[in-house]
Amino acid sequence: MEKPTFKEALKFWTKLGFISFGGPAGQVAIMHEFLVEKKKWISDSKFLHALNYCMILPGPEAQQLATYIGWMLHGNLGGLAAGILFVLPSMFILLGLSAIYVSFGNLPWVFAIFSGLKPAVIAIVILALIKIGKNRSLVHFIILLLLQLSFVFSFLIFRFHL
């Protein structure tokens with residue numbers, strides 16, 4: 001594994017902050033694709049270990065994962081940079097989109113643009129879930145059975161307010 005320079009890592013964390021829509025599944029998939037598959041900055045086993053560690057902690061796991069990987073690559077400064085850059089650009093994008101929607105959301109063409117974004121975000125999330133689902137972590141029968149049972153019970157609880 002080749003460790004990136006701090007400048008290269010900053011460039012990636014900034015880019016991730018601008019394109020990390022689609023919730024945690026999409027964000028984790030983007031990080032895996034870039035950090036493990038394309039750049040090979042960390043191994044697949046280290047990425048999965050970090051992801052599992054962050055899933056145990058309370059709070060936003062994708063941001064914790066970015067912060068943790070930034071820390072693994074460049075210490076405290078890397079973790080701080082990754083954590084801040086993971087949130088800051090998308091916060092400004094959402095603030096801008098919110099202002100546009102509040103100001104001009106009643107115009108048909110603005111409403112149509114925002115309505116068109118919904119399927120795109122859903123497609124990003126579905127593709128990320130498919131990619132994560134193909135990962136080696138879902139290969140045992142018991143794990144797949146527990147996954148299916150948790151889905152069924154979650155559906156029943158939310159559907160029938162059990």
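Predicted model: local features only at pLDDT ≥ 70, side-chain atom pairs only at ≥ 80, totals over all residues.
Residues are numbered from 1 along each chain as its sequence is written, and side-chain values use heavy atoms, without hydrogens and water. Local features need pLDDT of at least 70 and side-chain atom pairs count only at pLDDT 80 or more, whereas totals for chains, interfaces and linings use all residues.

**Helix crossing**

Helices are DSSP runs (H or I, at least four residues), numbered from the N terminus. The axes of α3 (residues 44–56) and α4 (residues 61–104) come within 9 Å and cross at roughly 130 degrees; axes are lines fitted to C-alpha atoms over the stretch in contact, with angles from 0 to 180 degrees between N-to-C directions.

The residues in contact (heavy atoms within 4.5 Å) are as follows.

| Helix | Residues in contact |
|---|---|
| α3 | Phe47, Ala50, Leu51, Tyr53, Cys54, Met55 |
| α4 | Glu61, Gln64, Leu65, Tyr68, Ile69 |

**Gln27**

Gln27 lies in helix α2 (residues 23–38). With a relative accessible area of 12%, Gln27 is buried (under 20% relative accessible area, 1.4 Å probe, protein chains only). Leaving aside residues up to four places away in sequence, Gln27 touches Ser20, Ala62 and Phe86.

**Aromatic residues**

Rings of Phe, Tyr and Trp (its six-membered ring) pair if their centres lie within 6.5 Å, and planes over 60 degrees apart count as edge-to-face. The model has 7 aromatic pairs by this rule. Phe12 and Trp41 form an edge-to-face pair, 6.2 Å centre to centre with 90 degrees between the planes. Phe12 in α1 (residues 6–19) and Trp41 in the loop between α2 and α3 are 29 residues apart. Both Phe12 and Trp41 are buried, and together with Trp13 and Phe34 they form one aromatic cluster.

Key. Helix = DSSP H or I, 4+ residues; strand = E, 2+ residues; numbered from the N terminus. Buried < 20%, exposed > 50% of the residue type's maximum accessible area, 1.4 Å probe, protein only. Phe/Tyr/Trp six-rings, centres within 6.5 Å; stacked < 30°, edge-to-face > 60°.
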